[in-house]
Every structure is written in C-alpha cells, then in structure tokens.
Amino acid sequence: MRHDISLSGPAFRLRPITDEDALLVLELRNNSALNRYLHATSPSLDDQLAWLKRYYTRPGDYYFVVESRVTGAAEGLISIYDIDSNAACGEWGRWILKPTSLAAVESAWLIYRCAFEQLKLERVFCRTMADNIKVVSFHDSCGITARRLLPGHFNLGDRRVDAVEHQTDLSSWEYIAPQLEKLAQMTARRLQRA
C-alpha cells in the first residue's frame, strides 16, 4: 500500500518503494545468485509495474527500499505484509540485498522497529525456506527462540518445500532489539572505516 513511513539507522534507511524502483526489484529478484530461495519473478518491467500498482492498493502491506544513508544507493528490499489488525500481527519478508551489501542486520532491525514502533504490532513472524541455511541461521542468531518447521509450506516451481517460521513478540523484542542495534552500530563503524 502507499505509505510514508521511513526509518533510519546508523548506516542505512528504509523508504517506501516507488515505480522508479521497479528495475531494482527486477535486478535483485532475477539475479540467479540471490533468487534460489524465492518465488519466480517475471523479468518484464511492465509486469513489475503492474505488480506495484496492485501493491499500492493492498492494505496491510508495507514495501521498502533499503538504501545507504551515506551514498543514497539502493542496496535491497524488505517488507512487512499480511497484517492482521485484529491480531496485531504481520509477516516480514521479500528481503533481498545486493551481494556486497552490509545492510542485513540493520535492515532487519529497522523492519522490526517499523512493526513494533510504527505499526504497533504485537507479534511479527518471518518464514524462510528451510534449505536457506544462511538466512535461517541469521534469524536464530538474532536471539529469536520461537521457531517451528512448516512442512511443505512453500510452492517453489513444481515442488513443495519446508519453511522455518521465526516469531517475535513485544516481550521478546525488548531483549532482541538492543542486540540488533549493537550489531548495526558495529557495522556502521566498519563502513565508516572503509
């Protein structure tokens, strides 16, 4: 949906996606090094613009571009969507970053801040293909202990694949947030030294 939420951390920020970002979406989602665990995306710019047009009208869906605060360069995408306002719950995902980006920790921290501080959600979850060990390990390393296996959850091409769901609620966010913020600050200092 169209929104005006922007959040900044020490090195990166999230800003609302626009039609001008359609080529970025295509570049990232059609990169064979990055899309192994994603649903297929049409390489057509017209198809992407049509998808964004539908997204702009879909309530409870917040799609962001992750960009560097120093250079302004777009480094990735992230979303929170399928928000159930009655349950104060939503899913975050569509998370994809350029291979050289160091925005992983900070973009995750910012999307959680969006969920809990801006959107006032009480519970957030993300679902990762179980074979995507790197991302499953990232979520585990964030201190998220509420996880479960969802057998055959995703339809990837012509096969069903398992997902790992990580859940965070307000009470656990209180402990996870400082850890992610500290790691984001460390990454920002690393980028300043580079």
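Predicted model: local features only at pLDDT ≥ 70, side-chain atom pairs only at ≥ 80, totals over all residues.

Residues are numbered from 1 along each chain as its sequence is written, and side-chain values use heavy atoms, with hydrogens and water left out.

**Exercise 1. Rings that pair up**

Work out how many aromatic pairs there are, and describe the pair formed by W92 and W95.

Step 1: start with the rule. Rings of Phe, Tyr and Trp (its six-membered ring) pair if their centres lie within 6.5 Å; planes under 30 degrees apart are stacked, over 60 edge-to-face, and the rest tilted.

Step 2: count. The rule gives 10 aromatic pairs.

Step 3: take W92 and W95. Their centres are 5.1 Å apart and their planes 65° apart, an edge-to-face pair.

Step 4: check how covered they are. Buried means under 20% relative accessible area, exposed over 50%, and partly exposed in between (1.4 Å probe, protein chains only). W92 has 3% relative accessibility, so it counts as buried. W95 has 18%, so it counts as buried too.

**Exercise 2. A stacked pair**

How is the pair of F116 and W173 arranged, and which parts of the chain does it tie together?

Step 1: look at the geometry. F116 and W173 are stacked, with 5.5 Å from centre to centre and 25° between the planes.

Step 2: Helices (H or I, at least four residues) and strands (E, at least two) are DSSP runs, numbered from the N terminus. F116 lies in helix α3 (residues 104-118) and W173 in helix α5 (residues 170-193), so the pair ties together parts 57 residues apart in sequence.

Step 3: F116 is buried because its relative accessibility is 6%, and W173 is buried because its value is 7%.

Step 4: widen the view. Ring pairs link F116 and W173 into a cluster with W92, W95, Y112 and F138.

**Exercise 3. Two helices side by side**

Describe how α3 and α5 pack, and list the residues that meet.

Step 1: know what to look for. Two packed helices are described by the angle between their axes and the distance between the axes.

Step 2: read the values. The angle between α3 and α5 is about 145°, and their axes are 9 Å apart. Here axes are lines fitted to C-alpha atoms, for helices over the stretch in contact, and angles run from 0 to 180 degrees between N-to-C directions.

Step 3: find the contacts (heavy atoms within 4.5 Å). On the α3 side, V105, E106, W109, Y112, R113, F116 and E117 take part; on the α5 side they meet L170, W173, A177, L180, E181, L183 and A184.

**Exercise 4. Charges over rings**

Which rings do R2 and R113 lie over?

Step 1: set the rule. A charge sits over a ring if NZ of Lys or CZ of Arg is within 6 Å of the ring centre and within 35 degrees of the ring normal.

Step 2: apply it. The charged end of R2 sits over the ring of Y56, 3.7 Å from its centre. R113 lies over the face of W109, at 5.0 Å from the ring centre.

**Exercise 5. Strands and the loop between them**

Find where A88, R94 and Y81 are, and say what Y81 touches.

Step 1: begin with A88. It is in the loop between β4 (74-84) and β5 (89-97). Its phi is positive, about 50°, although A88 is not a glycine. A88 is buried because its relative accessible area is 13%.

Step 2: go on to R94. This residue is in strand β5, and its phi, near 50°, is positive in a residue other than glycine.

Step 3: finish with Y81 in strand β4. Y81 is buried, with a relative accessible area of 13%. Leaving out residues up to four places away in sequence, Y81 touches G60, D61, G90, E91, W92, G93 and R94.

**Exercise 6. A partly exposed residue**

Is N155 buried or partly exposed, and what is it in contact with?

Step 1: locate N155 in strand β7 (residues 146-156).

Step 2: N155 counts as partly exposed because its relative accessibility is 39%.

Step 3: list its contacts. Apart from neighbours within four places in sequence, N155 is in contact with H39 and R160.
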